[in-house]
Amino acid sequence: MSKNRIVLAIIGIIALITLTGCGDATELGNRAIIQAVAVDYDGKYHVTAMLFSSGGSGGDTIDASQENVIRVNGEGETLAAAIDDISLVDGKRIYMSETKLLILGSGFEETSAEPALRSLYLDLRCSLNMPVCCVESGELAEDIAALQFTEGITSADKPLSLIENASDMGVSPKTTLLDLLADSEGGKASLLPMFTITENGSGMTSSDDGKTAVLSGSRHYESGVLGESLSARATAAQMLTSKRSHKTTLNFKCGGEEMTCEAYGIKITDDPLIGEGVLRVSAKFKTRGGGRLNEQERRAALNELVELIQTTSASP
């Protein structure tokens with residue numbers, strides 16, 4: 001065997017040993033696993049982390065009704081410093097590779113979130129596939145993290161499932177850390193799903209006041225800054241006109257009755273034969289149960305879709 005091959009073999013063995021954990025002796029059981037993290041900014045970064053606790057308050061078994069989340073807070077001049085400031089009684093190391101959701105809150109209307117986002121990936125090793133959402137202007141992300149959802153294994157699961165379900169329906173975006181970093185690099189605007197706290201969430205939280213969070217629309221994110229808010233209806237339109245989605249859910253009237261259907265395979269094109277800036281809209285429709293609409297219902301649904309696109313779309 002040549003000298004170069006021997007050197008390469010030694011390097012390979014060292015790399016293998018490192019990957020098996022000798023480079024970091026911290027066992028997973030000695031780490032605090034962050035499920036979701038809410039970040040606000042007022043000159044300092046304020047972090048509320050939702051840590052997974054397998055026992056919660058209900059013993060050693062995973063029981064969603066027993067609140068399997070520990071909430072801890074930290075603050076610092078940088079996001080990494082705020083995470084380091086989180087203190088645990090048992091002294092566990094923070095582990096963010098499994099973080100499921102980032103919530104951006106107050107303060108990022110004027111201050112860029114870009115340093116924090118890059119730190120999450122480069123320093124704290126968050127997944128680029130981690131979904132990111134936000135709150136309405138003036139609200140705190142901390143307040144969303146403080147809610148005690150009763151659905152899902154942990155409190156982080158419910159807001160994430162709301163985002164995924166809305167994205168599947170084509171009415172709200174699912175935007176990841178990678179999307180934000182890539183769009184910023186390309187000088188493009190992103191669209192973030194937006195949560196609002198409401199008191200009509202009976203059964204979704206374990207708190208006495210019944211407060212919960214609902215997806216109420218979206219916000220533009222550009223150059224690291226949170227911009228204007230869009231209503232739920234305007235968000236659905238934006239999803240279509242920006243080609244982020246080709247389907248949506250419609251509520252319309254037909255024959256004096258309120259109806260709901262799914263519009264899919266939606267195509268929006270300019271129609272130069274009619275006039276400049278005039279859009280031609282086509283789509284397929286089905287009931288929520290998968291059935292077909294009759295001709296009268298289909299026309300009513302198409303009219304609602306056209307109205308949605310023409311009257312509530314917003315520029316990306």
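Arginine 125 is exposed, with a relative accessible area of 64%, where exposed means over 50%, buried under 20% and partly exposed in between, computed with a 1.4 Å probe on protein chains only. This is a predicted model, in which local features need pLDDT of at least 70 and side-chain atom pairs count only at pLDDT 80 or more, while totals for chains, interfaces and linings use all residues. Residues are numbered from 1 along each chain as its sequence is written, and side-chain values use heavy atoms, with hydrogens and water left out.

**Positive phi angles**
- Arginine 125 has a positive phi of about 60° although it is not a glycine, and its place is the loop between H3 and strand S6 (131–135); helices (H or I, at least four residues) and strands (E, at least two) are DSSP runs numbered from the N terminus.
- Lysine 243, likewise not a glycine, has a positive phi of about 65° and is found in the loop between H7 and S11.
- Lysine 243 counts as exposed because its relative accessible area is 53%.

**The chain as a whole**
- The chain has eight helices and 13 strands, and of its 316 residues 42% count as buried.
- Among contacts (heavy atoms within 4.5 Å) between residues at least 6 apart in sequence, 63% join residues at least 24 apart.

**Helix H3**
- The buried residues of H3 are Glu114, Ala116, Leu117, Ser119 and Leu120.
- The elements that cover these buried residues include S2, helix H2 (79–85), S5, helix H6 (177–185) and S9.

**Aromatic rings**
- The structure holds three aromatic pairs, a pair being rings of Phe, Tyr and Trp (its six-membered ring) with centres within 6.5 Å, counted as stacked if the planes are under 30 degrees apart, edge-to-face if over 60 and tilted for the rest.
- One of these pairs is formed by tyrosine 45 and phenylalanine 108, which are tilted at 40° between the planes and lie 6.4 Å centre to centre.
- This pair links distant parts of the chain, 63 residues apart, with tyrosine 45 in strand S2 (residues 45–52) and phenylalanine 108 in the loop between strand S5 (101–104) and helix H3 (114–122).
- Tyrosine 45 is buried at a relative accessible area of 7%, and phenylalanine 108 is buried at 0%.
- Ring pairs link Tyr41, Tyr45 and Phe108 into a cluster.
- The charged end of lysine 286 sits over the ring of tyrosine 264, 5.3 Å from its centre, a term that requires NZ of Lys or CZ of Arg within 6 Å of the ring centre and within 35 degrees of the ring normal.

**Threonine 196**
- Threonine 196 lies in strand S8 (residues 190–198) and counts as buried because its relative accessibility is 13%.
- The side chain of threonine 196 makes a polar contact with the side chain of serine 216 at 2.5 Å; a polar contact is a pair of N or O atoms within 3.5 Å where, within protein, one must be able to donate a hydrogen and the other to accept it, and residues adjacent in sequence count only if both atoms are side-chain atoms.
- Not counting residues up to four places away in sequence, threonine 196 touches Glu136, Glu139, Thr212, Ala213, Val214 and Ser216.
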